[in-house]
Amino acid sequence: MKANRGQMEKALDAPGQGAAANVRFFLLYGPDEAGSQALAKRLERAMGPQAERIDLDAPTLREDPARLSDEAAAFSMFGDKRWIRVNGIGDDCLPALNALLDAEAAGNPVIAVAGALKPASKLVKMALDHKGVLACISYQPDGREAEQIAIGIARDGGLRLSSDLARRIVDLSGGDRALMAGEIEKLILYLDAAPDRPAEATADALDALSGDNPETEVGPLVNAVLGGDLRAMHRELTALAQAGTAMAAVIRPLLTRAMLLATIRDAFDASGRLEAAVDQAGRAVFWKEKGLVTRQVRLWDASGIARVIQRLLAAERSSRGGRGLGDLMVRHELLAIARQAARERA
């Protein structure tokens, strides 16, 4: 069954009750994967900290389709609540899902965050048609909605965020929920805020935490990493190191480009017309880099660029400690991304 965000929130806050009484499987998908992850967190909170979580992945379900229904019907060995999270789910997991939905008993809720799925996906069609499934697609929020999301994230962490600062954070993050949360988390830590000791966010604090450096040109590094040019990447990293640039300064431009590639790739997959998809992005694609962006879109499919975004988010988190180990971890992630792009080029 199809659910909007509000309906899904209510169902995840009270699994097995009310409208969700007969729901065995929750499918969260769409281009705003961070929004889907935020929904998944609601089920985790509803189940409670003592609940036993079982993690399964697609290869496991392919090899043993009965495993999912068995886990959904099993009792916790500790007598606590139990729930199942499926990672990397796709059409190849349909036999396992059918077994779950056809089983006589399945008392433990099952949830999956699938990322962007095509409308023609058999998984999506099954989820929308079956009464035992609740499916919700998450889109990137628009400007006003994104500001309210930023204010809400900040409030949950004990930070009072004005509309002006929320708008700045939305602009910095391109409206991406995960990036907004990262910026706000840095503010919370910087101002030592918490729900029991709220603090007021300030423009000075946001300026102090900005990784932007107007004197540094990181565009060539962005293109080298996402284009799989390892030699150019090493050359640009050496130049940045000689200029004394912290690795934190390269994360945001890389994330901005990765999010742009994800958006264009989504439009390309839907229409089959790459040039039109690039043109649709408008001014987000600088005219001099149109060819580079087009080639990068060809290198990265939807699932690949989603993994890149997750890697960059992890790198952003590791860079918050400043120099030293944080910089080394960022370099490691950039190398992994560039190597994958190089393999796609070969």
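Helix α8 (residues 163-173) and helix α9 (residues 177-190) pack at an angle of about 125°, their axes lying 8 Å apart; α8 and α9 are therefore oblique to each other. Here axes are lines fitted to C-alpha atoms, for helices over the stretch in contact, with angles running from 0 to 180 degrees between N-to-C directions. Angles under 35 degrees count as roughly parallel, over 145 as roughly antiparallel, 65 to 115 as roughly perpendicular and the rest as oblique. Ile169, Val170 and Ser173 of α8 meet Leu179, Met180, Glu183, Ile184 and Leu187 of α9, contact meaning heavy atoms within 4.5 Å. Helices are DSSP runs (H or I, at least four residues) numbered from the N terminus.

The model is predicted: local features need pLDDT of at least 70 and side-chain atom pairs pLDDT 80 or more, while totals for chains, interfaces and linings use all residues. Residues are numbered from 1 along each chain as its sequence is written, and side-chain values use heavy atoms, without hydrogens and water.

The largest nonpolar core comprises 42 residues, with Ile264, Trp300 and Leu334 having the most contacts inside it. Such a core is a set of buried Ala, Val, Leu, Ile, Met, Phe, Trp, Tyr and Cys residues joined through side-chain atoms within 4.5 Å, buried meaning under 20% relative accessible area (1.4 Å probe, protein chains only). The largest share of this core, eleven residues, comes from α13. Beyond its neighbours within four places in sequence, Ile264 is in contact with residues including Leu274, Val278 and Val297.

Threonine 294 lies in helix α15. Leaving aside neighbours within four places in sequence, threonine 294 is in contact with Leu274 and Val278.

How values were computed
Buried < 20%, exposed > 50% of the residue type's maximum accessible area, 1.4 Å probe, protein only. Helix = DSSP H or I, 4+ residues; strand = E, 2+ residues; numbered from the N terminus.
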